[in-house]
Amino acid sequence: MQAKKRYFILLSAGSCLALLFYFGGLQFRASRSHSRREEHSRRNGLHHPSPDHFWPRFPDALRPFVPWDQLENEDSSVHISPRQKRDANSSIYKGKKCRMESCFDFTLCKKNGFKVYVYPQQKGEKIAESYQNILAAIEGSRFYTSDPSQACLFVLSLDTLDRDQLSPQYVHNLRSKVQSLHLWNSGRNHLIFNLYSGTWPDYTEDVGFDIGQAMLAKASISTENFRPNFDVSIPLFSKDHPRTGGERGFLKFNTIPPLRKYMLVFKGKRYLTGIGSDTRNALYHVHNGEDVVLLTTCKHGKDWQKHKDSRCDRDNTEYEKYDYREMLHNATFCLVPRGRRLGSFRFLEALQAACVPVMLSNGWELPFSEVINWNQAAVIGDERLLLQIPSTIRSIHQDKILALRQQTQFLWEAYFSSVEKIVLTTLEIIQDRIFKHISRNSLIWNKHPGGLFVLPQYSSYLGDFPYYYANLGVKPPSKFTAVIHAVTPLVSQSQPVLKLLVAAAKSQYCAQIIVLWNCDKPLPAKHRWPATAVPVIVIEGESKVMSSRFLPYDNIITDAVLSLDEDTVLSTTEVDFAFTVWQSFPERIVGYPARSHFWDNSKERWGYTSKWTNDYSMVLTGAALYHKYYHYLYTHYLPASLKNMVDQLANCEDILMNFLVSAVTKLPPIKVTQKKQYKETMMGQTSRASRWADPDHFAQRQSCMNTFASWFGYMPLIHSQMRLDPVLFKDQVSILRKKYRDIERL
């Protein structure tokens with residue numbers, strides 16, 4: 001029995017060896033035959049596809065584990081897939097797995113907070129105007145530091161915006177220049193700005209040098225190459241985009257129904273060949289020449305006629321018939337198809353014009369997508385479903401269209417209207433990643449006034465800001481803190497400051513009174529202050545400068561602040577009425593003394609006037625109510641240069657506060673009714689009054705107006721003719737029927 005088993009095993013082994021030699025020889029002969037056929041084909045100019053191999057190609061032996069960031073140092077003989085080769089050779093992919101946790105050093109930000117250092121410009125290096133604007137925006141921000149040891153983030157002074165090798169703005173030898181920077185550290189904690197990458201014909205996203213572990217703030221970036229929570233997608237903007245300020249959106253009236261002459265428009269280049277040509281070449285299928293007007297032209301480039309097709313002449317003729325601006329301002333929806341790159345100038349143009357963008361750029365990571373909900377402001381289409389676009393937008397309800405248009409205006413003015421806002425939004429997004437425990441939520445980013453004006457360092461609770469009471473169902477504060485700015489010594493018990501203190505303390509809404517003692521004389525004794533039903537806290541100003549009145553003092557326990565000059569004359573009734581008005585408008589300045597601005601054509605500058613007219617744009621903080629958050633914003637948002645100017649002049653702090661609040665709210669202040677005698681008594685015989693009568697004081701305020709407008713980049717003040725009076729004010733009825741009867745008495 002055992003012998004039979006041995007014979008059977010030997011026979012089986014022999015059969016296997018015979019089959020192995022047979023098929024191995026056949027494979028060898030087939031390979032030689034295939035080689036001869038390919039040689040014959042090459043000689044005769046023919047090519048035949050190779051047959052399938054009989055034996056599969058087994059993968060190489062398992063490779064040892066290598067960290068992802070060391071792949072580019074491996075021996076080139078090791079087998080990798082074509083895609084891996086492409087990724088390894090392209091600098092855009094070298095840090096593809098980078099995230100904040102793996103490629104960012106948080107310890108640099110813990111000691112000094114979020115500070116940004118810009119490398120000094122190297123001699124002989126050319127910098128395009130757009131990149132100069134970016135660097136200027138950083139250097140003018142509250143994040144900037146000139147000390148690299150204090151920095152948390154580093155920005156190159158080498159121009160990286162245009163990495164198209166055919167562009168005159170292209171910077172050569174950037175790889176070696178970047179590597180020579182002593183702070184480069186493989187790109188860790190660095191931010192690189194880029195608008196254009198790659199070149200004709202494929203326009204890849206390669207920036208042309210090894211970015212290492214640096215973050216990219218890049219336009220036209222694809223979702224495939226975008227590193228979530230590490231890179232920042234920015235919009236493509238032109239070289240003419242304003243550095244600061246920028247124009248406001250074009251939506252002036254919320255017309256109902258919100259439909260315009262055209263339903264859908266587009267006017268732009270059509271690419272006959274190459275990347276980006278498919279979508280634009282198909283637009284004529286949707287164009288109807290009536291309410292859907294999609295115009296393209298082939299007439300661009302040097303040799304466009306060599307590639308022109310049968311539609312070019314007809315398209316070019318119709319293209320010339322329409323004015324682009326007229327279409328833009330009279331369209332409900334604007335098509336934003338991809339061009340050579342994923343991004344397009346049409347995107348920002350549509351936002352500003354309140355023309356709802358219809359995105360046709362598959363794979364584009366939309367600008368600031370990490371924080372902006374684009375479904376509230378745009379229609380995200382699919383290039384493969386172009387023919388369905390008209391029916392899709394026609395099905396959108398009018399209420400939704402109005403909401404979309406309003407959101408385009410908010411986003412434009414909050415984040416995109418200037419280079420400065422684009423840069424600051426980028427930096428704020430990165431700061432939120434670093435300090436996640438106080439980062440802004442989606443509501444803050446997508447609702448007025450936006451993420452740039454809501455500083456999370458102030459509070460992590462939305463109810464502490466005046467803009468979200470309605471969203472949270474929170475009632476406005478029921479009490480206020482009166483802050484009296486005292487600059488003259490207390491020599492008499494009949495001084496206006498003491499009468500003002502008593503009048504404010506009698507208000508049913510007053511929680512406490514703070515006297516900010518900015519006088520050079522010592523603090524008066526405690527018994528010199530009148531007895532009141534509310535606490536009176538006297539704070540001696542440390543620096544005794546004008547800006548100190550707007551410091552975010554911890555002693556202020558209420559959200560509402562009644563700011564008063566020491567010579568202000570107000571009755572308790574006037575204080576009560578002003579506060580009840582403020583409760584309806586907690587985000588604005590509400591008060592009594594009004595001023596206005598105007599444009600002086602003869603001097604080509606802004607002017608300041610104190611004439612009592614029916615028109616005003618400022619309410620002075622000598623007698624005004626506002627939210628205490630503006631103390632924090634004044635101190636931490638405005639640059640030191642403006643506050644230093646105010647302190648040196650001992651003037652204009654009230655104008656600067658009005659600039660700030662109007663810039664945030666996009667609304668004018670509110671003036672309330674006051675006794676006529678205020679106009680005369682405010683000019684009483686005090687040191688403060690002598691400043692009002694001083695002509696130099698008035699000239700300084702004229703100069704302040706223009707300096708402030710220059711920093712903001714535009715004039716944020718807004719004129720108003722509204723004055724809020726008590727019910728039955730001046731009506732011919734019994735005085736006993738009026739709640740605020742004392743306001744009418746002289």
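These legends accompany a set of close-up views of a predicted model.

**View 1**
The predicted protein has 746 residues, of which 51% count as buried. Its secondary structure comes to 24 helices and 23 strands. Among contacts with a separation of 6 or more, 75% are made by residues 24 or more positions apart.

**View 1. An open sheet is built from 8 strands.**
Reading across the sheet, the strands come in the order β15-β14-β13-β16-β21-β17-β22-β23, and their pairing is mixed. The edges are β15 (536-540) and β23 (723-724), each of which pairs on one side only. Look next at β13 (residues 480-486) and β14 (residues 510-517), which pair in the parallel sense over 7 bridges. One handy landmark here is Thr-481, whose bridge partner in β14 is Gln-512.

**View 2. Two helices are seen against the sheet.**
Helix α17 (residues 496-505) lies across β13, β14, β15 and β16 (560-565), and runs at about 160° to β14. Helix α18 (residues 572-584) also packs on the sheet, where its contacts include β13, β16 and β17 (590-591). Helix α18 touches β21 (623-627), β22 (670-672) and β23 as well, and its direction makes about 30° with that of β21.

The whole structure holds 34 aromatic pairs. In the pair of Phe-579 and Trp-582, the ring centres are 5.9 Å apart and the planes meet at 20°, so the pair is stacked. Both residues belong to helix α18, where they are 3 residues apart, about one turn of the helix.

Trp-599 and Trp-606 form an edge-to-face aromatic pair, with 5.0 Å from centre to centre and 75° between the planes. Trp-599 counts as partly exposed, at 41% relative accessibility. Trp-606 is also partly exposed, at 23%.

**View 3. Strand β18 has two antiparallel partners.**
Strand β18 (residues 594-600) is mostly covered, with 5 of its 7 residues buried. It is joined to β19 (residues 605-609) by 5 bridges, and these strands run antiparallel. Within that pairing, Ser-596 stands opposite Thr-609. The hairpin of β18 and β19 has 4 residues between the strands, and Glu-604 takes a positive phi near 50° there. Strand β18 is also joined to β20 (residues 618-619), in this case by 2 bridges, again antiparallel. Here the bridge partner of Arg-595 is Met-618.

**View 4. Eight aromatic residues gather in one cluster.**
For a friendly tour of the rings, begin with Phe-347, Trp-364, Phe-368 and Trp-374, which are among the members of one aromatic cluster. The cluster also includes Phe-410, Tyr-415, Phe-416 and Trp-445.

**View 5. Two lysines sit over aromatic rings.**
The charged end of Lys-267 sits over the ring of Tyr-319, 4.6 Å from its centre. In a second example, Lys-671 lies over the face of Trp-612, at 5.6 Å from the ring centre.

**View 6. A buried threonine sits in a loop.**
Thr-145 lies in the loop between α5 (129-139) and β2 (153-155). Why does Thr-145 count as buried? Its relative accessibility is 11%, and burial means under 20%. The side chain of Thr-145 reaches the backbone nitrogen of Asp-147 at 3.2 Å. Leaving aside neighbours within four places in sequence, Thr-145 is in contact with Lys-115, Val-116, Tyr-117, Gln-150 and Ala-151.

Arg-227 is found in the loop between β6 (215-218) and β7 (232-233). Which residues does Arg-227 contact, leaving aside its neighbours within four places in sequence? They are Gly-95, Lys-96, Cys-98, Arg-99, Ile-211, Gly-212, Ala-214, Met-215 and Leu-216. One of these, Met-215, is 12 residues from Arg-227 in sequence, and their C-alpha atoms are 8.8 Å apart in space.

How values were computed
Residues numbered from 1 in each chain as written. Predicted model: local features only at pLDDT ≥ 70, side-chain atom pairs only at ≥ 80, totals over all residues. Heavy atoms only, no water. Pairing = 2+ DSSP bridges. Contact = heavy atoms within 4.5 Å. Axes fitted to C-alpha atoms, helices over the stretch in contact; angles between N-to-C directions. Phe/Tyr/Trp six-rings, centres within 6.5 Å; stacked < 30°, edge-to-face > 60°. Buried < 20%, exposed > 50% of the residue type's maximum accessible area, 1.4 Å probe, protein only. Lys NZ or Arg CZ within 6 Å of the ring centre and 35° of its normal. Polar contact = N/O pair within 3.5 Å; in protein donor to acceptor, adjacent residues only side chain to side chain.
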